[in-house]
Amino acid sequence: MEQTLNITDIASAVHSNATSLDTVWVLIAATLVMFMQPGFAMVEAGFTRSKNTANILMKNLMDFSVGSLAFWLVGFSLMFGSDIGSFIGKPNLFFTADYGNSIPDMAILFFQTVFAATAATIVSGAVAERTKFSTYLIFSVVITLFIYPVSGHWVWGGGWLSELGFHDFAGSTVVHSVGAWLGLVGAIMVGPRIGKYNGKSKAIPGHNLTFGALGVFILWFGWFGFNPGSQLAAAGSDNTHAISLIFITTNLAAAAGSLASMLVSWGRYKFPSLSLTLNGALAGLVAITAGCDTVTPGGAVIIGAVAGVILVFGVEFIDQKLRIDDPVGAVSVHGLGGAAGTLMVGLFSTNGGLFYGGGAHLLGVQALGVLAVMAWAMGTGFILFKILKSTIGLRVSRRIEEEGLDIYEHGESAYN
Amino acid sequence: MKKIEAIIRKTKFDEVKEALNEVGIDFFSYWDVRGIGQARQERVYRGVVYDTSSIERTKLSIIVRDKNVDKTVKAILDTARTGEIGDGKIFVVDIQQSYRIRTGESGDEALFIKGLEE
């Protein structure tokens, strides 16, 4: 039998392999991002008290579970469905529509699901140790079902912010800031932990910084899926160079962030603080997420360092001046870090940044995006918490909070 | 019979145990305790200075015959001392009666092994 190979066949095979390469990369990256869930779980468990550990782990486990379901159910379509008024995507139940991606839609669904779940899980840290479990569950559903997809649509789904040229490559604003501002509203409306603000702010040390450190390392590791994965392609020299740059900008920003936080805490509090340095690494990672593809390695170092400095002052300001109780520093890491990183794209982007001769236009768009998403997250968060407050309540009772949420909310202790 | 309760630094435990062995005191209980006292331990957690106020120590409970009280106390005093505030305390308490559970013996015989007498 004769087999003739013509150019079309070869081209088609090459293209098919390229698509496979892209798909495999996206799925591997998404799996790394999924692994950030235990990272968050360990950070939050480590930075809170042992009597509440089973509760915080449940919240982390379930926000990923219900988030995955809600995002598949309709959340994805609201984010990536065909555009309605530059505001929202066309809703579609059970992911039956065709989204026209070059790699399988299911791969994109999984990739976007783990990103949505990242936004949802940030909230649990900010409201830890005093929030009702059922309230938190409902909140997680609404975030992944609606709040996150809408602002996500504005930036990644073809909505109005993307039309203006807003640049958030992997989600400093779309993912991290959304989670942080929702957490901020939550922390304010739930109120501080009992005994936190008796006159001065009282230190409530985390029960196990070993878990905290493990969590941060896992998050750092998972970020190598979060950022480079957002390229959504791996085939071809352009993509491989892009991804490789992103690995470097990501890692350098984390390193610079942890170093900066360490130095600031050393100078300001006389000790290089483990917990603040851990937060600093995360702040650097959150900050670089917006521009990891368009800044230079040097720019990444500066972005990470700035985020690390802001982190320490932010934690102090939010805790001691604003008297908002955020046990894990989620608002500082993901909110301030996310906003700072997004803004700094307007300065350091090699494609239109202020320092590269692009003028102030990109900076302005970045600022607009930061503020718009902040307003959206805080507004919808406020409404949602208000409704929950007047129906099932936000907070556990005093006795439960004092004795620990594990026994009373779950009938189990993390430690026996 | 007397009970000697000693609250000592955790770091001094091994030395004290050795010293007690050397004077023939081989049986006692001990556990980790926390206390309130003068020793201050300032810590900083995420920018907030706080005083742990809760001082970790090891407590020993040694039941001895009256004739062994002095050498036991001396052994502890000599080895547990550092000269800094927070070295600890020793209390001597009367014991009314003691029993060995395995054999039912009571009184002084319950406190030592016959034949290994010192």
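In this predicted model, R323(A) counts as partly exposed, because 13 C-beta neighbours lie inside 10 Å and a residue is partly exposed when that count falls between the limits of 12 or fewer for exposed and 20 or more for buried. R323(A) belongs to the loop that links α11 (297–321) and α12 of chain A. The phi angle of R323(A) is near 55°, a positive value in a residue other than glycine.

A positive phi is also found at F95(A), where the angle is near 55° and the residue is again other than glycine. F95(A) sits in the loop between β2 (88–89) and α4 (105–126) of chain A. With 16 other C-beta atoms within 10 Å, F95(A) is partly exposed. The loop between β2 and α4 of chain A also holds A97(A), which is partly exposed, with 17 other C-beta atoms within 10 Å. Apart from residues up to four places away in sequence, A97(A) touches S77(A), G81(A) and N92(A). W156(A) is 59 residues from A97(A) in sequence, and the two are 18 Å apart in space, C-alpha to C-alpha.

Helix α12 (residues 330–348) of chain A contains L336(A). This residue has 24 C-beta neighbours inside 10 Å and therefore counts as buried, the cut-off being 20 or more. When residues up to four places away in sequence are not counted, L336(A) touches I310(A), L311(A) and G314(A). For one of these, G314(A), the C-alpha atom is separated from that of L336(A) by 7.4 Å, with the two residues 22 apart along the chain.

A54(A) is found in helix α3 (residues 53–80) of chain A. A54(A) is likewise classed as buried, with 21 C-beta neighbours inside 10 Å. Its contacts, leaving aside neighbours within four places in sequence, are with D406(A), H410(A), E412(A), S413(A) and A414(A). A separation of 36 Å is found between the C-alpha atoms of A54(A) and I303(A), which are 249 residues apart along the chain.

Helix α10 (residues 274–288) of chain A was examined for both length and burial. Its 15 residues should span 21 Å at 1.5 Å a residue, and the end C-alpha atoms are 22 Å apart, which agrees. Of these 15 residues, 14 are buried, so α10(A) is largely enclosed by the rest of the structure.

In chain B, four strands form an open sheet in the order β2-β5-β1-β6, with antiparallel pairing. The edges of this sheet are β2 (29–35) and β6 (88–94) of chain B; each has a single partner strand, so one side of each is left without a neighbour in the sheet. From one strand to the next, the twist averages 20°. The antiparallel pairing of β2(B) with strand β5 (residues 55–64) of chain B extends over seven bridges. Within this part of the sheet, R34(B) has E56(B) in β5(B) as its bridge partner. Helix α2 (residues 69–80) of chain B lies across β1 (2–8), β5 and β6 of chain B and runs at about 5° to β1(B).

A hairpin is formed by β3(B) and β4(B), with two residues between the strands. R46(B), in the turn, has a positive phi of about 50°. The two strands pair in the antiparallel sense over four bridges, and Y45(B) stands opposite V48(B) in β4(B).

The contact between the chains takes 13 residues from chain A and six residues from chain B. On the side of chain B that touches chain A, β3 (42–45) and β4 (48–51) of chain B each supply at least two residues. The residues on this side of chain B comprise four nonpolar, one polar and one charged.

Regarding confidence, chain B has a mean pLDDT of 91, and 97% of its residues reach 70 or more. For the complex, the predictor gives an ipTM of 0.82 and a pTM of 0.91.

Terms used. Residues numbered from 1 in each chain as written. Chains lettered and ligands numbered in written order. Predicted model: local features only at pLDDT ≥ 70, side-chain atom pairs only at ≥ 80, totals over all residues. Contact = placed C-beta atoms within 7 Å. Nonpolar A, V, L, I, M, F, W, Y, C, P; charged D, E, K, R; others polar. Pairing = 2+ DSSP bridges. Axes fitted to C-alpha atoms, helices over the stretch in contact; angles between N-to-C directions. Expected span 1.5 Å × (residues − 1). pLDDT = per-residue confidence, 0-100.
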